[in-house]
Amino acid sequence: MAVLKVKFTKTRRDKLAQILWILNWISVVTGVILFSLGLFLKVELKKREELMAEKDIQYVPNMLIAVGLIACVINFLGGKICYDCVDTTNFLRWKLIMLPYIVCTFFFTLCVLVGALMCYSMHWELEEALNLGLTQAMRFYKDTDMPGRCFLKHTVDMLQIQFQCCGNSGYKDWFQIQWISNRYLDMSKKEVVDRLRSNVEGKFLMDGVPFSCCNINSPRPCIQQQITNNSAHFNYEHQTEDQNLWMKGCREALLEYYTHLLQSIGLTVLITWLFELSVLTGVRYLQTSLENMLRQGDPNSESDGWLLENSLMETARTNLSIIKSLGKGNQIDTADNGDPNIDVPSTSKAHYGPDNVPPKQKTETN
Amino acid sequence: MAVGKITFTKTEREKLAEVLWLLNWISVVTGAILFGLGLFLKIEIQKWQEVMSEQGILYVPHMLITTGLAACGINYLGSKICLDCADTNKFLRWKLVMMPYIVCTFFFTACVLAGALMCYSVRSQLEESLYLGLRNTMRFYKDTDTPGRCYLKKTLDLLQIQFQCCGNADYRDWFQIQWVSNRYLDMTDSAVVDRVRSNVDGKYLMDSVPFSCCSTLSSRPCIQHNLSNPAAHAHYDEQSQQLNLWRRGCQQALLDHYTGIMQSIGLTVLLIWLFEVLLVLTGVRYLQTAMENVIRLGDPESESEGWILENSLAETACYNFNIIKNLGKCYQVDDDPNINVPTAAADREVPSHQVRVNVAS
């Protein structure tokens, strides 16, 4: 009993082929869109790779790029096939290829779905990478004289200005880091030496933040030094002051940005997947109806098209036994197949000529 | 003696009409481009209008927008005319309109040229406007509690961060302005009171700049205070001083930004003007004269001549001048029929002789 059987007249088959030709070309365009979305994501991740620790998150855009390219090729081939399917003689060219093509496309649409789901699952790895990366970057903020780290000050400043954030989780992260290099500390001053001595690791820590943490919406000039000391500034209470510095942490800001991007891309990929699935269904119907038409012999007759010839269970069983026998192909135990060197007792009756008399056994006479 | 006379066969005329139809449609597109450029310039100027003292330079984008729309309309009409000119019968419909159309288009292209030249000439007005506007904005930087000025601090901070500039001409402009509001000054502190008293206008001035002047390219944390005294900071050498703050003034930065935009726009408009005048207008003029000569000759299949001007430039100028003068003379009082005008018989009038009359006494 076939799954979802539909009757097709000749005109309906022709129309289906034409529609599928257009849909395949639209799918080529969506393949290009997928490719460019992957490229865009790759560029965005690479832009801020200095702030991300060494985690392998590039597999997501790479997957999208590969899937996009394959989609273009598969759907281009599909377009050619559907174009030829309008004419029965042209269809014969593709007859043997169509079923493998459909199976390939089915597995390919699974890859598209996996790509979409990857976009949503990347969130946690990204958070991990950003957390470690930002901690490192802030630690090396002061090392503008070391090759390999000299650009980190500029990167962190630009990040905080652009994303309107401060520190890793908040501005207090800067209080635990020495972000002023020893080169710019006046060691002759008593306060500086005292502060260095009072710290276990000899770091110069203070309750101050870099200028890039300053909030442009603040009605008063920015307070960057002695932030926790209310008496150091006139009319200032640091517990209630939320306009002075950026309150958001940079990890949260970057994560929000990337999550929003990934959600949009994931949605687009899901829509592309649904579209590809519908194209695949159409091509399957076209293939089965054309094969049935050939079986009947009359190009102008009606024919049935279906998704599966038998029910889902039977098809699964058939395919499983095919795969099993493919596996058995190389085993030596098979009695029928065999190696001609093994002595196999013949089960068939030998035919000894017209009277069917076995030849006399020659006995050895001495 | 005609200017630029060319002979056209029938096929050449038809081909010219087709080519002109295509060129007119391209001109509609360039008109849309002109409109788009004007809109873009208007938006760019309005983005930073708070730091400009007056909006006078908006006449440049307005000119471009109007010219762009007019170009679309004129060239659309032109394409319809040229499409009909391929056929002599249809041309008769447009015969009377074509000459006024060409004159209109000629004056319109003069407007396009004026628009292009305006883009280059607006620089000095912009410089003045920016200087005054920035000075006022810096003065009101601290007034974040005054309605109408409360957003100026944010605007100026954003400007300095985005354009990488500081102050009007340079960072020392901040030394002459009180940019810290009295609300945040501790008037009980003797240092503060001394500083306020020592200033003639009672302003609290200091050699410091706002945080938005800090350069992100500096290799050391930003030094914003005590800028006149380099010795107050550890290892604050010449190179550190160069990199510490943005060195460029915001007037220069904005001027460069807008001059760059307007030069590109002006160049594009000039190219569009050349295209309109050299190709489209000249082609339409040739087509018009050729078609009119065909009608004058009577035979639609014959060759005809096309030209730019029927007589030489000097004669055409004289002729048009006379037309304009006669138009002007229309209303002079000499022609009033109510005035007694001596008839022509008067010139045959014989002078009266002295007739002796014998008076009998």
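This is a predicted model: local features need pLDDT of at least 70, side-chain atom pairs count only at pLDDT 80 or more; totals for chains, interfaces and linings use all residues.

1. Next, please follow helix α2 of chain A, which runs over residues 59-84. The axis of α2(A) comes within 12 Å of the axis of helix α6 (residues 250-296) of chain A, and the two cross at roughly 25 degrees. An angle under 35 degrees counts as roughly parallel, and α2(A) and α6(A) are therefore roughly parallel to each other. The crossing in which α2(A) passes α6(A) is left-handed.

2. Which residues bring α2(A) and α6(A) together? From α2(A) come Leu64(A), Ala71(A), Asn75(A) and Cys82(A). They meet Ile265(A), Val269(A), Glu276(A), Val283(A) and Leu286(A) of α6(A). Sorted by class, this contact has seven nonpolar residues, one polar and one charged.

3. Helix α3 of chain A (residues 88-139) is another partner of α6(A). Their axes come within 9 Å and cross at roughly 165 degrees, which makes α3(A) roughly antiparallel to α6(A). Here too the crossing is described as left-handed. The contact of α3(A) with α6(A) has 33 nonpolar, nine polar and six charged residues.

4. How does helix α1 of chain A, residues 10-47, cross α6(A)? The axes of α1(A) and α6(A) come within 9 Å, with a crossing angle of roughly 155 degrees. The helices α1(A) and α6(A) are therefore roughly antiparallel to each other, and their crossing is left-handed. In the contact of α1(A) with α6(A) there are 23 nonpolar, seven polar and three charged residues.

5. Now step back to the domains of chain A. Domain 1 of chain A takes in residues 3-137 together with 252-311, while domain 2 covers 171-247. Taken over C-alpha atoms, the centres of domain 1 and domain 2 of chain A are separated by 54 Å.

6. Chain B is divided as well, into domain 1 (6-137 + 252-312) and domain 2 (171-246). The C-alpha centres of domain 1 and domain 2 of chain B lie 54 Å apart.

7. Finally, a word on the record for chain B. Its unreviewed UniProt entry places "transmembrane region" at residues 20-45, 57-78, 98-120 and 265-287. Residues 20-45 of chain B are 100% helix and 0% strand, and the end C-alpha atoms of that span are 37 Å apart. Residues 98-120 of chain B are also 100% helix and 0% strand, with end C-alpha atoms 34 Å apart.

Terms used: Residues are numbered from 1 along each chain as its sequence is written. Chains are lettered from A and ligands numbered from 1 in the order in which they are written. Side-chain values use heavy atoms; hydrogens and water are left out. Axes are lines fitted to C-alpha atoms, for helices over the stretch in contact, and angles run from 0 to 180 degrees between N-to-C directions. Helices (H or I, at least four residues) and strands (E, at least two) are DSSP runs, numbered from the N terminus. Angles under 35 degrees count as roughly parallel, over 145 as roughly antiparallel, 65 to 115 as roughly perpendicular and the rest as oblique. A crossing is left-handed if the near helix is turned anticlockwise from the far one by less than a right angle, and right-handed if clockwise. Contact means heavy atoms within 4.5 Å. Ala, Val, Leu, Ile, Met, Phe, Trp, Tyr, Cys and Pro count as nonpolar, Asp, Glu, Lys and Arg as charged, and the others, Gly among them, as polar. Domain bounds come from an automatic or database domain assignment. UniProt positions are given in the numbering used here, feature names are shortened, and annotations may be inferred rather than shown by experiment.
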